[in-house]
Amino acid sequence: MPYETNSQAEPGLSMPFSLEAEQSVLGAVLLEPSCLATVAEILPKAEYFYAVNNQMIYGVMLEMFTLGLPVDFVTVLEKLKENEEFDEATGKVYLTQLAQLVPSLSNVAVYANIVRDKYDVRTLMQAARHILDDASEGTEESSLLLDMAEQRIFDIRQGKNMRGLQPVREILLETFDRLDLLNSPDRDKYKGIPTGIGELDALITGLNRSDLIVLAARPGVGKTSFGLNIARHASVTGKRRVAFFSLEMGREQLVSRLLSAEAVVEGNRLRSGDLTEGDWVKLVEAGDILSKAEMYFDDNPSITVPEMKAKLRRLGGVDLVLVDYLQLMNSARRIDNRVQEITEITRSLKIMAKELDVPVIAMSQLRRPTDRAKDHRPGLSELRDSGSIEQDADIVIFLHREAYNATSEGGEITENMDTNAAEIIVAKNRHGSTDTIPVHWQGEYMRFTSREVIRHE
């Protein structure tokens with residue numbers, strides 16, 4: 001059974017590997033099949049082996065282990081015979097040699113880690129080669145090349161840092177440590193990030209790490225304004241670092257809305273420039289407050305999730321991410337089916353939230369209701385383009401304004417209708433119950449406020 005390299009070999013590169021470590025791992029499994037449980041956790045794929053023959057043998061061992069079949073010299077040999085590429089005469093001799101080459105059965109985890117480390121270095125070399133190839137083609141912008149390069153390296157690191165199964169006693173210790181922090185004088189640092197709406201925070205326990213929160217509304221109801229309200233509260237009041245990706249509005253438009261809400265100056269006057277001396281005083285004071293906040297905006301209309309991750313890693317220390325909005329996003333790879341594309345995007349956003357360990361708020365548009373219910377309240381079935389939005393989200397929040405929906409559907413505002421009334425509908429909450437929270441909409445300042453704030457004012 002002659003030695004051959006696998007497809008991980010790169011032309012012109014000497015790829016690192018340890019034939020002795022690979023053979024020692026296989027030999028140890030043949031001598032003591034129970035050690036395969038330890039080895040499989042370190043080497044979950046046959047591709048970690050560089051020599052083709054070793055890769056073939058380990059692949060058979062993993063397959064039999066997964067099916068619950070006994071793994072030893074005889075059973076592995078019989079299974080290998082089913083492969084047309086396996087030479088029985090030389091293969092039998094090679095298996096015998098493997099069992100004789102093991103220095104020590106007790107060191108099998110050490111041998112497996114050597115195999116894994118060599119694979120990681122080879123993967124890094126491959127990534128470097130691909131980065132060079134992409135750069136030498138000269139068809140992509142430098143910023144995109146940097147994002148792609150960072151993503152390749154990050155993927156390798158993520159794979160290396162994956163943890164196996166943990167005993168419950170270890171997880172319990174981590175849980176009690178977290179509970180202890182939540183009851184310490186610095187507990188606000190470890191709680192979910194407040195949204196600025198007290199009743200909403202009480203219901204969802206704030207914006208929690210690794211959660212994907214979908215904030216959805218029909219066009220014009222105010223999802224961008226509410227997203228900015230949350231970003232402002234988290235950054236200005238909560239002293240958190242916030243990143244806001246806008247695929248629809250420009251950075252200046254977003255900051256103008258922030259200024260309007262912070263200074264309590266009507267947005268129309270900001271757009272027209274019809275400002276009084278008093279307005280200027282309030283705007284300067286609001287600008288001073290906002291300038292000290294750690295809020296970062298990106299208005300690239302064609303940004304993808306991998307590009308977001310690259311930018312967030314470069315920024316570092318991000319506490320909250322907002323994306324406005326889902327239906328304007330494109331996948332990092334070409335997908336003709338829009339439903340499948342949205343499915344990939346929402347899944348990628350959820351993975352990003354887990355990888356970066358931050359809450360991610362993804363805004364989404366709702367389709368028009370098929371039935372003309374009197375109140376037109378939105379439901380989960382109205383999420384546009386894909387059911388994966390509801391599936392991947394930990395929390396789904398709808399914004400509803402009865403007066404807006406009445407006029408947008410061709411109706412009229414009745415005498416008893418409060419034009420400033422709005423509702424936050426928590427339609428899905430993986431951490432607890434769902435409910436509807438009444439709030440106040442101040443359209444002239446583009447902000448939502450809780451009832452407590454209105455009563456106080």
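The model is predicted, so to speak of local features a pLDDT of at least 70 is needed, side-chain atom pairs count only at pLDDT 80 or more, and totals for chains, interfaces and linings use all residues. Residues are numbered from 1 along each chain as its sequence is written, and side-chain values use heavy atoms, with hydrogens and water left out.

**The helix pair**

Two packed helices are described by the angle between their axes and the distance between the axes. Helix H1 (residues 19–31) and helix H3 (residues 52–67) have axes that come within 11 Å and cross at roughly 30°. H1 and H3 are therefore roughly parallel to each other (angles under 35 degrees count as such). The crossing of H1 past H3 is left-handed. On the H1 side, the contact (heavy atoms within 4.5 Å) is made by Leu19, Glu22, Gln23, Leu26, Val29 and Leu30, and on the H3 side by Asn54, Ile57, Tyr58 and Met61. By class, this contact has seven nonpolar, two polar and one charged residues.

**Aromatic rings**

The count comes to six aromatic pairs, where ring centres lie within 6.5 Å.

| Residue | Relative accessible area | Class |
|---|---|---|
| Phe49 | 0% | buried |
| Tyr58 | 0% | buried |

Elsewhere, Phe226, Trp441 and Phe448 form one aromatic cluster.

Key. Axes fitted to C-alpha atoms, helices over the stretch in contact; angles between N-to-C directions. Helix = DSSP H or I, 4+ residues; strand = E, 2+ residues; numbered from the N terminus. Parallel < 35°, antiparallel > 145°, perpendicular 65-115°, else oblique. Left-handed = near helix turned anticlockwise from the far one by under 90°. Nonpolar A, V, L, I, M, F, W, Y, C, P; charged D, E, K, R; others polar. Phe/Tyr/Trp six-rings, centres within 6.5 Å; stacked < 30°, edge-to-face > 60°. Buried < 20%, exposed > 50% of the residue type's maximum accessible area, 1.4 Å probe, protein only.
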